[in-house]
Amino acid sequence: MLKFGKALKIVLRAAKPIETEWVVISRAHRRVLAEDVIAGNNIPYTDNSAMDGYAVNTDDLKSVPRELPVVGVVACGKSVNRRLRRCEAMAIMTGAPIPAGCDGVVPVEDTEAITSEIVRILRKIKPGKNVRYSGEDVKKGQVVLKRGTPVGAAELGMLASVGRKRARVFRKPAVAILVTGNEIIGPGERLRPGKVRDINTYSLCGLVEKFGGVPLPLGIAGDEKIKLLKKMRKGLNSDVMIISGGVSMGRFDFVREALTSLGYRERFWKVAMKPGMPISFGHIGRLPVFGLPGNPVSSMVSFLEFVRPLMMKLVGRATDLPEISAFLRTPIVKRDNRRHFLRVKLDYRNNKYFASLTGPQGSGILKSMIECDGIAVIPENAKSLKVGNRVTVQLVA
Ligand code: AMP
Ligand code: MG
């Protein structure tokens with residue numbers, strides 16, 4: 001059976017970044033930059049004071065206390081045109097520009113005002129003390145944010161800091177989601193024996209949004225080819241299509257057949273992984289299509305391991321999840337050659353991470369996804385593991 005690593009390569013191979021658009025920066029939160037952002041000027045623009053205090057020449061503070069005449073006040077928002085001469089001080093506010101001739105600022109706390117014209121400096125300072133130098137945060141011409149960076153709060157601040165009104169971002173990938181199964185009913189419908197409430201529309205839509213996409217739920221199709229085709233056609237204009245359920249070996253698993261009549265070229269069907277073995281991936285034209293297993297846990301895990309990386313690649317982002325190494329608190333039984341993806345809760349003690357399974361790991365136990373901080377990845381060749389063994393955990397929370 002196809003190994004997980006090979007399957008992921010196949011999924012990512014054909015994917016190209018999608019179109020970009022301009023947005024005003026107030027709308028850029030959680031979008032992904034499609035350009036390198038370059039600073040047009042130094043930040044800070046001019047040398048300025050980090051404290052409220054007195055601008056001095058530190059050579060004048062060889063012995064303290066020292067009294068100096070206060071020859072002016074430098075306020076924020078103004079430029080200074082007078083030079084500070086030897087044996088003079090100027091009152092200066094946090095953020096106000098440093099006058100020429102000054103090489104340090106003595107905080108107010110380390111001074112005494114003798115009169116409004118004379119200050120007593122109580123402590124020495126080193127040259128450069130409490131001065132924020134021009135360009136110490138960012139230099140003119142520097143790339144401050146790289147293409148493929150997700151825009152969070154600090155990135156928004158940086159865009160504003162370099163004077164950007166708009167930013168070029170990737171369009172959000174549209175991900176169509178169709179759930180299948182004669183047994184599946186919507187949230188308003190009455191539960192009867194044999195029926196199962198639709199979980200996957202909701203959990204998959206949640207995952208699409210979490211990873212920066214726009215979910216397009218196509219509803220519930222039964223297991224008849226005609227119904228499947230009708231609903232699948234509605235997803236053909238999206239960037240990614242997911243069909244949940246109907247790709248196993250069951251007698252009513254017609255999803256692959258229906259896809260084929262829409263021109264689907266399947267690249268793989270089964271992957272040596274757990275959960276998520278029956279998974280189909282291919283293209284209709286250039287549209288990547290996933291047939292994910294219907295079991296709610298398998299569907300979420302196979303989304304995280306295949307659809308998420310593809311979505312990342314569409315917007316120029318790194319496809320790997322961040323990983324840590326953790327010590328197991330729960331033993332793991334493994335007797336096959338598949339790659340296992342186990343849901344774990346993490347805790348941190350004495351500089352170490354520990355991973356505990358989130359209860360039973362069956363592919364129908366949705367509870368195992370609740371409180372999950374990460375996915376422990378157990379390689380194909382690993383056997384059962386004991387408490388205290390090390391595992392790699394992908395962070396998904
Ligand atoms: P399938 O992949 O179609 O063979 O479905 C596998 C299992 O997942 C069956 O027990 C289905 O009832 C269940 N299942 C399929 N789709 C959903 C869904 N959207 N919500 C909840 N359970 C589902
Ligand atoms: Mg089914």
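Predicted model: local features only at pLDDT ≥ 70, side-chain atom pairs only at ≥ 80, totals over all residues.

Trainee: How should I think of the side chains along a strand?

Mentor: In a regular strand, side chains alternate between the two faces of the sheet.

Trainee: In what order do the 6 strands of the open sheet stand?

Mentor: The order is β7-β4-β6-β5-β9-β8, and the pairing is mixed. The edges are held by β7 (104-107) and β8 (111-113); each has a single partner strand, so one side of each lacks a neighbour in the sheet. On average, neighbouring strands of this sheet are turned by 40° against each other, direction ignored. Within the sheet, β5 (residues 66-74) and β9 (residues 118-121) run antiparallel and are joined by 4 bridges. In that pair, R66 is bridged to I121 of β9.

Trainee: How many helices and strands does the protein chain have, and what is its radius of gyration?

Mentor: The protein chain has 6 helices and 26 strands. Its radius of gyration is 30 Å, whereas a compact globule of 397 residues would have one near 21 Å. The C-alpha atoms fill a box of roughly 95 × 50 × 40 Å along the principal axes.

Trainee: How many residues surround ligand 1?

Mentor: For this step, a residue is counted if one of its heavy atoms lies within 4 Å of the ligand. Here 16 residues surround ligand 1, and the closest are E183, D198, I199, G246 and G294. The shell divides into 6 nonpolar, 7 polar and 3 charged residues. Strands β13 (174-180) and β15 (196-197) each supply at least two residues of this shell.

Trainee: What distances separate ligand 1 from E183, D198 and I199?

Mentor: An oxygen atom of ligand 1 is 2.6 Å from a side-chain N or O atom of E183. A nitrogen atom of the ligand is 2.9 Å from a side-chain N or O atom of D198. With I199, a backbone N or O atom lies 2.8 Å from a nitrogen atom of ligand 1. The protein covers 79% of the 490 Å² of accessible area that ligand 1 has on its own.

Note on methods:
Residues numbered from 1 in each chain as written. Chains lettered and ligands numbered in written order. Heavy atoms only, no water. Polar contact = N/O pair within 3.5 Å; in protein donor to acceptor, adjacent residues only side chain to side chain. Areas by Shrake-Rupley, 256 points an atom, 1.4 Å probe, with all protein chains shown as cover. Nonpolar A, V, L, I, M, F, W, Y, C, P; charged D, E, K, R; others polar. Pairing = 2+ DSSP bridges. Axes fitted to C-alpha atoms, helices over the stretch in contact; angles between N-to-C directions. Rg over C-alpha atoms; globule rule 2.2 N^0.38 Å.
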